[in-house]
Amino acid sequence: MIKNILKNTAIIFAFFISFLAFFSAKWYVDIFGNIGFRSIIFTLFSPMEGTASGIVYDWLLKGLLPSVIGAVILSLFYFLKFNLKALIKKAICITLCLCLWAHGIVVTEIPQFLGGLVTKT
């Protein structure tokens, strides 16, 4: 019973994190432009002092809220019983999560950032 609850919680959390990666990456590029992952790291570790409260509100509205809604919808699709084989439902959910993650990674230029870390100058 507890194992099932933990498993289901982990699945819902994975759905949420996947949508959060997608919508946060989209929001960041829409607000700041395509400036690379180094700038994202700098922004994340900068103090919030002096930051316009509109930016935080905008992320809550355009990054966090759609992530919660998307995770709820995908969780309903995943957990509700309807006439679709369980394997197909799992494959659809896993594929969608991987696509969301891939989009977030590519849009924020993480591969270029990691390539720059290992390239000798």
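Contact means heavy atoms within 4.5 Å. The model is predicted, so local features need pLDDT of at least 70 and side-chain atom pairs count only at pLDDT 80 or more, while totals for chains, interfaces and linings use all residues. Residues are numbered from 1 along each chain as its sequence is written, and side-chain values use heavy atoms, without hydrogens and water.

**Exercise 1.** Determine whether serine 18 is buried or exposed, and list its contacts beyond four places in sequence.

*Solution.* Step 1: serine 18 is found in helix H1, a helix being a DSSP run (H or I, at least four residues) numbered from the N terminus. Step 2: serine 18 has 1% relative accessibility and therefore counts as buried (under 20% relative accessible area, 1.4 Å probe, protein chains only). Step 3: with neighbours within four places set aside, serine 18 is in contact with Cys97, Leu100 and Trp101.

**Exercise 2.** Describe the lining of the largest pocket by element and by class.

*Solution.* Step 1: a pocket is an open set of points on a 1 Å grid over the protein atoms alone, where a 1.4 Å probe fits, with protein on both sides within 12 Å along at least five of seven lines; lining residues have an atom within 4 Å of a point. Step 2: helices H1 (2–32), H2 (37–45), H3 (53–79) and H4 (86–107) each supply at least two lining residues, and H1 gives the most, with seven. Step 3: the lining has 17 nonpolar, six polar and no charged residues (Ala, Val, Leu, Ile, Met, Phe, Trp, Tyr, Cys and Pro are nonpolar; Asp, Glu, Lys and Arg charged; the others, Gly among them, polar).

Definitions and conventions
Buried means under 20% relative accessible area, exposed over 50%, partly exposed in between (1.4 Å probe, protein chains only).
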